[in-house]
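Dear colleague,

Please find below the structure that I am handing over to you. My findings follow it.

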Amino acid sequence: MVTNVTDKYLKMKIHILGICGTFMGGLAQILVEKGHIVSGSDKQFYSPMSDQLDSLGVEMIEGYEESSLPSADLYVIGNALSRGNPCVEYILNNKLDYTSGPKMLGEMIRDRTVIAVSGTHGKTSTSFLICEIFQAAGIDVGYLVGGVSDSFKNSARLGTSNLFVIEADEYDSAFFDKRSKFIHYHPDTLIINNIEFDHADIFDDLSDILKQFHHAIRTVPADGNILFHDGDENIINLIEMGCWSNTYKLGSEENIKLSIEEGIIHLEGQRFDISALPMHGQHNLNNAVMAMYTSFLHGVDPQKAFLALKNSNGVKRRFELLGNFNGLVIYDDFAHHPTSIKKTLDDIAELYPDKIVSVSIELRSNTMRRGIHNDHLLRFMKPLKHVTFLSSTEIVSKIRRHADFDDETMHVFDSPNNLASHLLSEFNSDVVHVFLSNGDFMGAKEQVMSKLRKK
């Protein structure tokens, strides 16, 4: 393994394996800004990341054949790759220098003031909101966020200020480093939005996840900050495992500088009306309040922060309105865990009390495909009048056999074409429909939207 590789040479040839993921693509952006020559391999290249990489002048190589692996000073191996991959085996057999993406990023930002945004839900939205606030305050903040925002050209930027915002994922770092990514970031401020059981492919239970989060807490300095919302028992249990930094529990009476009462944010003697914000739903407002308080701790006046939030363009695929087609309203949301799905549906119902709520869920994450949350998910789906699921034949069969499955209101598909046809036949002006997935519905969503736009 190579340590502090980015400081050893002024310019290196760096090849990234798994470059089209949001994290690795963002890392490529920062490496190019640092002056390195970057190339990358992936199974396939797709927009918008392929467009971003192309604009950077990054050579993109499709596939992982050994013969396609270019010569490089260093290879950065993504966590989607494992032993048996031809490129990985070649690198190991020839004792070439390699590292993980999180480790490399952590080394590059060690001299920055790092704000790490962690948690099961809300990481991308909170990260971009913090960046929007700093940008509005005239601070050229560096960042790497796993999503797309209309307020920023790319998903990552080196920035010229001392501040760096990182979306801190609890997923593992690489096949040779099974620690969570956020272990490498050494944050000065650690945000923990929430903690629930997820990523069943790498964690056995909630205690496994809490252990990784506690490793992250151990890396925050004594004069650093740990921020979380009041009321999350898992976070309370985490803090009780040991904490050596300043803690801020938002929404609690313990935090005298911030409170939220009857739709008003009270911060440092100032009052801000939540109804003026473009975000909908409690979880989105929680993200906004977290971003506001974080920026306050790092020197941004609350008035400037609130104005930036009022003008926020939001994050793609986070409660995103895709269109209104003669009364038929379509939303898209990244929610793929039962808790976040339920929050989104509650927000939809509150916004459109007179419409029929229709839902499409792609069972795509490892946790959802394993059926671990089926009891929870199907229980709050039962009151809805129209629910569709999309996944592999094996997964949809398992859903259909579940005790809470209702074949009058619930429909399962293993074909994106069949799902699209079914939805278009069911839609009418009384419906508000929301697509819920961390994927793209295998193209079904775009089929539906294309047909609706043509009509």
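Leu351 is a residue of helix α11, which spans residues 338-351. Please note that the model is a predicted one. With a relative accessible area of 33%, Leu351 is partly exposed, because this value falls between the limits of 20% for buried and 50% for exposed. Leaving aside residues up to four places away in sequence, Leu351 is in contact with His280, Phe319 and Tyr331. As for Leu297, 54 residues separate this residue from Leu351 in sequence, and the C-alpha to C-alpha distance between the two is 33 Å.

I also examined a pair of helices. Helix α2 (residues 22-33) packs with helix α3 (residues 49-56) at an angle of about 15°, and their axes lie 10 Å apart. The two helices are therefore roughly parallel to each other, as angles under 35 degrees count as such. The crossing in which α2 passes α3 is left-handed. On the α2 side, the contact is formed by Thr22, Gly25, Gly26, Ala28, Gln29 and Val32, and on the α3 side by Met49, Gln52, Leu53 and Leu56. Of the residues in this contact, five are nonpolar, five are polar and none is charged.

Regarding confidence, the protein has a mean pLDDT of 86, with 90% of its residues at 70 or more. Among its elements, strand β4 (residues 74-77) has the highest mean pLDDT, 98, whereas helix α1 (residues 5-8) has the lowest, 50.

With kind regards

How values were computed
Residues numbered from 1 in each chain as written. Predicted model: local features only at pLDDT ≥ 70, side-chain atom pairs only at ≥ 80, totals over all residues. Heavy atoms only, no water. Axes fitted to C-alpha atoms, helices over the stretch in contact; angles between N-to-C directions. Helix = DSSP H or I, 4+ residues; strand = E, 2+ residues; numbered from the N terminus. Parallel < 35°, antiparallel > 145°, perpendicular 65-115°, else oblique. Left-handed = near helix turned anticlockwise from the far one by under 90°. Contact = heavy atoms within 4.5 Å. Nonpolar A, V, L, I, M, F, W, Y, C, P; charged D, E, K, R; others polar. pLDDT = per-residue confidence, 0-100. Buried < 20%, exposed > 50% of the residue type's maximum accessible area, 1.4 Å probe, protein only.
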